[in-house]
Amino acid sequence: MNKKSRTITGYYYDPSSKKVIKGIFPYPTVIFNRALMSRKRLKYLKSQGIKIFNNPHRNVNKYTFWSRVSRNRHLLPHLPQTSIYRGPSSVKNLLSAYKTVYLKPLRKDAGRGIYRLEDRNGSFILTNNKGKVFSLKGLSQLNNIIGKQKYLVQQEVKVNINNRKIDFRVYMQKGRDKSWKCTAIETKVAKAGSVITNSSNRIKIMPGLQAFKDIFQLNQKQTEHLTEKITRVCTKALRQFEKAGHRLGDVAFDIIIDKDLKIWLLEMQVPYAAERKAYRKNDERQVLSVILPAPFEYAKSLSGF
């Protein structure tokens with residue numbers, strides 16, 4: 001980036017040759033942020049009148065997500081009971097209420113470091129993200145397993161089909177009209193017995209609307225109604241972050257839908273790495289044609305095109 005000439009060295013895609021070509025470009029009017037930037041650089045870019053969205057470009061700490069969204073009384077019923085892990089006593093209360101809880105590291109993603117803890121009539125069964133099962137003599141053993149990492153404890157919302165855990169990824173994006181829309185929903189189906197549904201622990205991804213019909217036996221009208229409800233809940237959550245100063249246009253939510261069709265918000269992903277899907281199986285690539293263009297339509301709209 002040359003501040004003197006107000007130019008940026010970068011690359012553009014040439015559709016005729018289907019090649020990416022290096023070039024020097026004038027400062028843009030809009031930046032779709034795809035990487036972490038220093039405060040100094042962000043401040044400079046804003047001083048040049050450049051609009052930036054998906055800023056800050058980092059995933060929100062799981063507990064920060066819960067605490068911020070829970071401030072909206074209408075969203076509180078859509079959040080699993082959650083607390084910070086402060087030793088075995090902080091687990092005991094939730095276990096007595098729900099029998100099964102998740103222990104989640106605050107800052108790790110892709111299912112790393114997650115445990116499922118079950119109370120079986122006083123015996124405690126701990127399962128890690130790789131499916132390894134530990135039998136605990138008492139909750140005091142958790143301190144040895146978790147160590148000094150910061151964890152949260154969260155009620156498990158049980159949704160299993162044929163012993164397979166199921167949750168949903170909801171893509172929320174702004175387009176040409178600058179308003180939030182649900183552009184796609186994926187259904188993540190875990191391997192039998194797995195406690196998480198990330199890419200290494202699942203058997204497939206189904207289109208969300210197909211899952212609504214196949215799993216919940218919904219007709220077309222009911223499917224549309226559920227999709228509208230999901231959009232409303234996720235939009236309300238996004239507004240909580242926009243109030244706090246986040247400038248967003250492209251995010252993904254991980255949610256659960258229980259047997260009563262209640263929507264449960266788990267977390268929000270800002271850098272959800274859509275480009276990685278291009279190297280995965282066909283079932284995961286299905287949404288790319290929908291989710292990749294949307295942020296550019298939003299950027300063009302912000303630019304005045």
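## Gln-269 in strand β16

Gln-269 lies in strand β16, which covers residues 263–269; strands here are DSSP runs of E with at least two residues, helices are runs of H or I with at least four, and both are numbered from the N terminus. At 9% relative accessibility, Gln-269 counts as buried, a term for residues under 20% relative accessible area, while exposed means over 50% and partly exposed is in between (1.4 Å probe, protein chains only).

Apart from its neighbours within four places in sequence, Gln-269 is in contact with Asn-59, Arg-169, Val-251, Ala-252 and Asp-254; contact means heavy atoms within 4.5 Å. Between Gln-269 and Leu-238 there are 11 Å in space, C-alpha to C-alpha, and 31 residues in sequence.

## Basis of the model

The model is predicted: local features need pLDDT of at least 70, side-chain atom pairs count only at pLDDT 80 or more, and totals for chains, interfaces and linings use all residues. Residues are numbered from 1 along each chain as its sequence is written, and side-chain values use heavy atoms, with hydrogens and water left out.

## Overall form

The protein contains 9 helices and 16 strands. Its C-alpha trace spans about 70 × 45 × 40 Å along the principal axes. For 305 residues, a compact globule would have a radius of gyration near 19 Å, and the value of 21 Å for the protein agrees with this. That radius is taken over C-alpha atoms, and the globule rule is 2.2 Å times the number of residues to the power 0.38.

Of the 305 residues, 50% are buried. The accessible surface comes to about 16800 Å², and 50% of it belongs to carbon and sulfur atoms; such areas come from the Shrake-Rupley method with a 1.4 Å probe, and for residues only the protein chains shown count as cover. Among contacts with a separation of 6 or more, 54% are between residues 24 or more positions apart.

## Packing of α2 and α6

Two packed helices are described by the angle between their axes and the distance between the axes. Helix α2 (residues 62–69) packs with helix α6 (residues 220–243) at an angle of about 100°, and their axes are 9 Å apart. The axes are lines fitted to C-alpha atoms, for helices over the stretch in contact, and angles run from 0 to 180 degrees between N-to-C directions. The two helices, α2 and α6, are therefore roughly perpendicular to each other, a class that covers 65 to 115 degrees, whereas under 35 is roughly parallel, over 145 roughly antiparallel and the rest oblique.

In this contact, Phe-65, Arg-68 and Val-69 of α2 meet Ala-237, Gln-240 and Phe-241 of α6. The residues of the contact divide into 4 nonpolar, 1 polar and 1 charged; Ala, Val, Leu, Ile, Met, Phe, Trp, Tyr, Cys and Pro count as nonpolar, Asp, Glu, Lys and Arg as charged, and the others, Gly among them, as polar.

## Backbone features in loops

Asn-55 and Pro-56 are joined by a cis peptide bond with omega about 5°. Pro-56 is placed in the loop between β4 (51–53) and α2.

Lys-99 is a residue other than glycine with a positive phi, near 70°, in the loop between α3 (88–98) and β6 (100–105). Lys-99 is partly exposed, at a relative accessible area of 41%. Lys-178 also has a positive phi, near 65°, and is located in the loop between β12 (164–174) and β13 (180–190). At 43% relative accessibility, Lys-178 counts as partly exposed.

## Asp-283 in helix α7

Asp-283 belongs to helix α7 (residues 282–285). Leaving aside neighbours within four places in sequence, Asp-283 is in contact with Lys-204 and Ile-205. Asp-283 and Lys-204 are 6.9 Å apart in space, C-alpha to C-alpha, although 79 residues separate them in sequence.
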